[in-house]
Structure formats: structure tokens, C-alpha cells
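Look at the sequence and the model together, and keep both in view while reading. The paragraphs below go from the surface to charged pairs and then to the backbone.

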Amino acid sequence: MAPENQDQLKVLVVDDEEHIRIAVERILRRLDCGVLQASNGEHALSILQEQDVAVVLLDLKMPGMDGMEVHSRIREAGYQVQVIIITGYATLETAIEAMKKGAFDFIPKPFDKDHLALVVDRALNSIRLEQERARLEQERQRALLDLNTEKSRIRTILESLPNGVIVTNTQGRVVLMNQMARQILAGEESPIGCEIGECLEDGELCDLIRSQSVAAQSEGSSYELQLGDDSFYMVQTNPVLGEEGECLGAVIVFGDISDLKEMDRLKSEFVAKVSHELRSPLSTIHEQMALVLQDMLEHEQPEKEQRILSRAKEKTKGMLSLIEDLLDLSRVEAGSAFNDVQRVDIRQTLESQVDFFQDRAAEKEQELTLEAAGEEWPIVEADPRAMESVFGNLIGNAVKYTPEGGRVAVRIGPVEQGRVRVEVQDDGIGISEKEQSRIFERFYRVKNGQTRNISGTGLGLPIVKGILDDMGGSISLSSQHGQGSTFYVWLPVSESSVREGN
Ligand code: ADP
């Protein structure tokens, strides 16, 4: 006997005549199935209870429980089997009746071997198909369940994030907004489908989001958003890219930085207070040292003492300029510096700054020039001292970081789209790419052999940037280590005039 295959479907032959059961079993051997036998209805039902049977070949006329009765019990119990009725001509009508009640087919006796095999094979195939359908359905249900679980998991995570998250589509319409974003914007009940401008009042941020919603090439950007007096958010916007790299919209993340801002404010306030307290005693010390030094010179005191005092005086001068820079920076950060806004003629400011630095440039045998590209005299709404500070710092640095015999050129570009560009170019020591991103940080100074003997505070450029940010201007630079630097300043122009003779 061939070993029983676990996956083989089973056929149960129910007939009171043994030779028929044996004959049927022999015929069914050519099919891929196992065969069981039962000589009466009760036996058949007990086998069905214990084993998985796919097809029942059922004789109608049996002593005791007849075939119809067995058939009804099978249906009542809900077994997933196909029943094929074996019937003599006398019971043909009953067989048809059984078909109406769900039997798969019937085979009249005496049966033809091939016909029997064919009908049983069809019944087995129908069971196999049904099993396959059930398996696929189960898989589909499981996949749906997984999908639902995944979706609800992502939704739960998004809703519990401490950051606000908004996703927009390519039209800049909101397709997702989590709980925290709704709280931050304190907006509409259901913002889904709204244009971003309807949920966010800050026009500049809306424009940024709109541009990121369509720009597949662009990188993400950050934006500092202030809501009310003391809520600050760092907003990161990034395009959402599809598999082909196409832009599907933008994702916007809001991080609360109010506490950091407050800490920063307290720190600046502290630095400002300390600097303020130190300034006057230090100036007094500096002045008195100058007086003593003068006295020593006049009375021809020993050179050694003079040198020591002179070095001490230089150090206090350095400390004083640090204090001045610290005070300027904290005022810029607090928004309380340079509030005396007037119409400033930028060309005049640059002329006087270039004039001011001519002596220092001459000491280093440098050429310091001012060039104007156009005939315009751009007027900027600003505090004149702020403009002096910006260009004083940049021209001062250019002279300071350019070796003897170098060139420093200040250029005013033409007014374009309401802005004027001023360039401060030198052919000095230059700044490596790595350092360029850091020189606008407070106290950052490039440290190398060329800068070792150049004194400074590391606060000039942060002051310049603070002033420009405050007035809607901007600054950038192009530089290469050892090849000089060019700083570009853009200023919003309120008007410009053309003067004759200039
Ligand atoms: P500092 O008081 O040190 O000059 P800044 O904030 O003005 O402070 O500048 C920061 C650093 O940037 C400087 O220490 C210097 O290393 C570098 N730097 C600024 N301007 C120039 C320049 N024109 N050429 C080369 N390096 C420069």
C-alpha cells in the first residue's frame, strides 16, 4: 500500500454491499485521493465526525439509516463535503430530490468505471477549488487586517508626537494635520482640504510651504515662527518625494523652541548686565594707564616698565572692545539697538567708512578703494549707526585679515528689485569652506598660523548679521583659503536718486 499522503483528499464510500465498496475503491485508486469505507449510515457519520472527508459516495438504499437520511444529517452538521449519490433506477427520483438538497451529482447503478472516476474527480476538484478560494480569502483578510493595523499605528504615532506635523499636497492644500499642529495653530476644526494660507497667518512661511509642495529638487528649509508674544517654533519644511523622485507635496514639522529662546534671552540679559557693570571701571583703568604711560615717557622712565605698562594698556583696550561688542550684540538681539531709523544714503556711509579706514590700510600699504557700478545713490531706511557698524566691521575685517600690500575694494552695485548689493572684497588670507558656515556664530574665530597674531572678539560678524536680519537685509560670502574673501550685503532700498556729477 502506498504511504498515505497528508495533503490527499479523502473519499468515503458508503454502501451496504461490500463488493461494491471494494469495486469503487479499486476504481478510485487511479485518482489522487485516499479511500475510506463505511457499510452503513451510522458508521459513515462517525467517520465524518473524526476525519476530514472531501467526497462521500452514498448509496441511497441501505438497511437501517437510508442514504437520504445520511445526506440530511451531513447537511445539518455543516460538513464541507461533496455528496455523490449512488442509485439504482428505482430510486432515481429520490436521487434527483437529493440533488435539489445539495448533493453534487448522482451515479446510476450499475456504474461505468470511467464515469464514476470522472464524477468523483470533478467533486474532488470542486473541493480543491473551494479550499483554495478559502485560503485566498483568509490571506486577503489578514492583509487587510495588517494594513488597518499599520494605518492605525501610524495615525496613533502621529497623533502622539510632541511636534506639530502638517502634510500638504502639490496644490499646497492640507492633507494631514496632527493633534499638536492643530493645537499650535489653534485653527479650524477640520483643516483637511484647506489651502495652507487658511490655517497659517505667516505669509512668508506659507510661501515657503507652497514652494516646497511642488519643488522636487529643492532641499528642506527651516523657518523661525513666532506666534503671539512668547511662543516660538522652529519649522522644518521638506518636499515629499515619490518613488520616481516626483514631488507629491510637503511635510512641515513644528518644534517648540520657546524655552530655548527664553534661556537665550536670559543669557543675553546677563551678559549685557555684566558688560555694562565692567565698562566704566575698565575705561577708567585704561585712561589712567594711558596717563601714567604718558608721564613715564615724559620723565624718561626705564623702557622695561614702559613696555610692561604699554602691554597692559593694550590688553585693557582689547577687553574694552570686547565689552562694546557684547553690549552691541545684546542690544541687537533684544531689538533695542539702532532704533533711530532715518533715511540713510548708503553711498555716503560707505565713503565715510572707507575714509575712516584709509589710515589703517595705509599703515599696511594696502590699497582701499570704493567703486560704484551705477549712478544711483540708494537710500535705505535704517539707523545710521547700524549701517556704520555693518560696513565698519566688514571693511575693518578686510583690512585686518589682508596682509601688507594687499587690496581691499568696496563696491556698490546697481539697485535691482528694490535691493542694493554692496561688496567688500579683499585679497587676504581667505576663509576655508568648513569655517565659512561658522564665522557668523558668536565668539567664533578662525584659528590658524595666519590669524594667531590678529586680535578680535569673534562678535563683529554676528552683530552684522543680527542688524541685517532685523532690517530685512542679508549677507553671504564667497571665499577660498589663501585667496581672499568677498562679503555680499543686500539692503532693501526705499528709493534711489541719480545725482548729477557723480
Ligand atoms: P573678529 O573680531 O575675530 O574679527 P568677526 O566676527 O568679525 O570677529 O569675524 C569672525 C572670524 O571670521 C574672524 O576671526 C576671522 O577668522 C574670520 N574673518 C572675518 N572676516 C574675514 C576676512 N575678510 N578675511 C578672512 N577672515 C575673515
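Is Val274 buried, exposed or partly exposed? The model is a predicted one, in which local features need pLDDT of at least 70 and side-chain atom pairs count only at pLDDT 80 or more, while totals for chains, interfaces and linings use all residues. Residues are numbered from 1 along each chain as its sequence is written, and side-chain values use heavy atoms, with hydrogens and water left out.

Val274 has a relative accessible area of 34%, so Val274 is partly exposed. The terms are set by cut-offs: buried is under 20% relative accessible area, exposed is over 50%, and partly exposed is in between, with a 1.4 Å probe and protein chains only. The areas come from the Shrake-Rupley method with a 1.4 Å probe, and for residues only the protein chains shown count as cover. Val274 sits in helix α9, residues 258-298. Helices (H or I, at least four residues) and strands (E, at least two) are DSSP runs, numbered from the N terminus.

Together with Phe270 and Leu278, Val274 makes up a nonpolar surface patch, and the accessible area of the three is about 280 Å². A patch is made of residues with over 30% relative accessible area and no salt bridge; like charges are joined within 9 Å, and nonpolar side chains (Val, Leu, Ile, Met, Phe, Trp, Tyr) within 5 Å.

Lys304, Arg307, Arg311 and Lys315 form a positive one. Lys and Arg count as positive, Asp and Glu as negative, and His and the chain ends are not counted. The place of a charge is taken as NZ of Lys, CZ of Arg, CG of Asp or CD of Glu. Lys315 belongs to helix α10, residues 303-334, and is exposed because its relative accessibility is 61%. A negative patch consists of Glu351, Asp355, Asp359 and Glu363. Glu363 is in helix α11, residues 346-363, and with a relative accessible area of 64% Glu363 is exposed.

Helix α10 also holds Leu326. Is Leu326 buried or exposed? Its relative accessible area is 14%, so Leu326 is buried. Leaving aside residues up to four places away in sequence, Leu326 touches Val271, Ser275, Phe443 and Leu459; contact means heavy atoms within 4.5 Å. Between Leu326 and Tyr233 there are 93 residues of separation in sequence and 26 Å in space, C-alpha to C-alpha.

Now to the charged pairs. Side chains of opposite charge can pair when their charged atoms come close. How many salt bridges does the structure hold? The structure holds 27, where a salt bridge is a side-chain nitrogen of Lys or Arg within 4 Å of a carboxyl oxygen of Asp or Glu.

One of these salt bridges joins the side chains of Asp15 and Lys109, at 3.8 Å from N to O. This pair links distant parts of the chain, 94 residues apart: Asp15 is in the loop between β1 (9-14) and α1 (18-28), and Lys109 is in the loop between β5 (105-108) and α5 (113-160). Asp15 is buried because its relative accessibility is 0%, and Lys109 is buried because its value is 17%. Asp15 and Lys109 belong to a network of salt bridges that also includes Glu17 and Asp59.

Other salt bridges lie within a helix. Glu137 pairs with Arg140, with the closest N and O atoms 3.4 Å apart. The two are 3 residues apart in helix α5, so about one helical turn separates them. Glu137 is partly exposed at 30%, and Arg140 is partly exposed at 46%. Arg210 and Asp207 meet in a salt bridge of 2.8 Å, N to O. Both are in helix α8 (residues 203-212), 3 residues apart, about one turn of the helix.

The backbone has some points to look at too. The peptide bond from Lys109 to Pro110 is cis, with omega near -5°, and Pro110 is in the loop between β5 and α5. Glu365 is a residue other than glycine with a positive phi, near 55°; Glu365 is in the loop between α11 and β12 (367-372). Gln417 is not a glycine either, and its phi is positive at about 50°. Gln417 is in the loop between β14 (407-416) and β15 (419-426), and counts as exposed because its relative accessible area is 83%.
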